[in-house]
Amino acid sequence: MNGIVDIGWGSMCLGFLLLLIPVTALAYYRTGLVKDTLIAASRMTLQLFLIGFYLEYLFTWNSAWINLLWVIVMICVASWTVLGRTKLPVKQLFIPVIVAFFCSICIIDVYFLGIIIKLDHLFEARYFVPVSGMILGNMLSANVIALNVFYGSLDRERQLYFYLLVNGATRGEATAPFMREALIKSFNPTIASMAVMGLVALPGTMTGQILGGSSPNVAIKYQIMLMITIFSSSLISVLLTLWAAKRRPFDSWGIKRF
């Protein structure tokens, strides 16, 4: 059998029935997440079908400017989503988060696509758009956790923060314990996943490449490099976002404004 087996529309409908399991559990325990889950699944389905249709043309056009513009749109949506999930003020942090994401994408894409893969054209649509999307998705998750932990711990340990300030610590030194906790909690899951990858689970990218007909050795090389790339880009974006987050919400006295 050559190539990947297509999934029929009937089979797709059967696949959606799996959602009954988490939805039932969430409803039983009154989590309030049933509506969010159904909306998220619906949005995901619609967005992926639309992007699948769009990518057909994107790959055909293969214009560097169009590809770059599309990634910028993805960055804006990811930044908006991060602030929406963390309930942080968009007005103060939207631009800093966009800049953090954009800088991370630029650094990692240039290194991964230009130096590791050695593409002749850095903005090649078949590589640039999917890799950027994969990196952004993981950056989004890490930033949501990091910002929630940073502001949550800062609110809980407000006395520690002011104690450090009145004892001569700079704002950076006073927020260092909260930065540390945010980094630990946002990257512990990724480190744990990397540690058991291949033994406990086969990652999606590698599985997709193998199903698509790639050699397992080639798929493994890509997966290793992508995991390192994703981890590095997520760390860069979290550091930049937290750096912006600890500057914007404080006044000249170090008092948190929101």
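Predicted model: local features only at pLDDT ≥ 70, side-chain atom pairs only at ≥ 80, totals over all residues.

Modeller: The axes of α6 and α10 come within 8 Å and cross at roughly 45°. Axes here are lines fitted to C-alpha atoms, for helices over the stretch in contact, and angles run from 0 to 180 degrees between N-to-C directions. The two helices are therefore oblique to each other. Angles under 35 degrees count as roughly parallel, over 145 as roughly antiparallel, 65 to 115 as roughly perpendicular, and the rest as oblique.

Residues are numbered from 1 along each chain as its sequence is written, and side-chain values use heavy atoms, with hydrogens and water left out.

Now the contact itself. From α6 come Tyr127, Val131, Met134, Ile135, Asn138, Met139, Ala142, Asn143, Ala146, Leu147, Phe150 and Tyr151. From α10 come Tyr222, Leu226, Thr229, Ile230, Ser233, Ser234, Ser237, Val238, Thr241, Leu242 and Ala245. Contact means heavy atoms within 4.5 Å. By class, 16 of these residues are nonpolar, seven are polar and none is charged. Ala, Val, Leu, Ile, Met, Phe, Trp, Tyr, Cys and Pro count as nonpolar, Asp, Glu, Lys and Arg as charged, and the others, Gly among them, as polar.

Phe101 is one of the residues with the most contacts inside the largest nonpolar core, along with Leu136, Phe150 and Leu242. That core has 45 residues. A nonpolar core is a set of buried Ala, Val, Leu, Ile, Met, Phe, Trp, Tyr and Cys residues joined through side-chain atoms within 4.5 Å. The elements giving it two or more residues are α3 (34-61), α4 (64-86), α5, α6 (125-156), α8 (171-196) and α10 (216-245). The largest share, 14 residues, comes from α6.

Helix α6 also meets α3. Their axes come within 9 Å and cross at roughly 140°, which makes α3 oblique to α6. Leu55, Leu58 and Phe59 of α3 make this contact with Ala125, Arg126, Val129 and Pro130 of α6. Six of the residues are nonpolar, none is polar and one is charged.

At 0% relative accessibility, Ser132 counts as buried. Buried means under 20% relative accessible area, exposed over 50%, and partly exposed in between (1.4 Å probe, protein chains only). Ser132 touches Val71, Met74, Ile105 and Asp109, leaving out residues up to four places away in sequence.

Phe102 sits in α5 (residues 90-116). At 33% relative accessibility, Phe102 counts as partly exposed. Beyond neighbours within four places in sequence, Phe102 is in contact with Ile72 and Ile75.

Last, the whole protein. There are ten helices and zero strands. Helices (H or I, at least four residues) and strands (E, at least two) are DSSP runs, numbered from the N terminus. Buried residues make up 30% of the 258 residues. Of the contacts with a separation of 6 or more, 69% join residues 24 or more positions apart. The C-alpha atoms fill a box of roughly 70 × 50 × 35 Å, taken along the principal axes.
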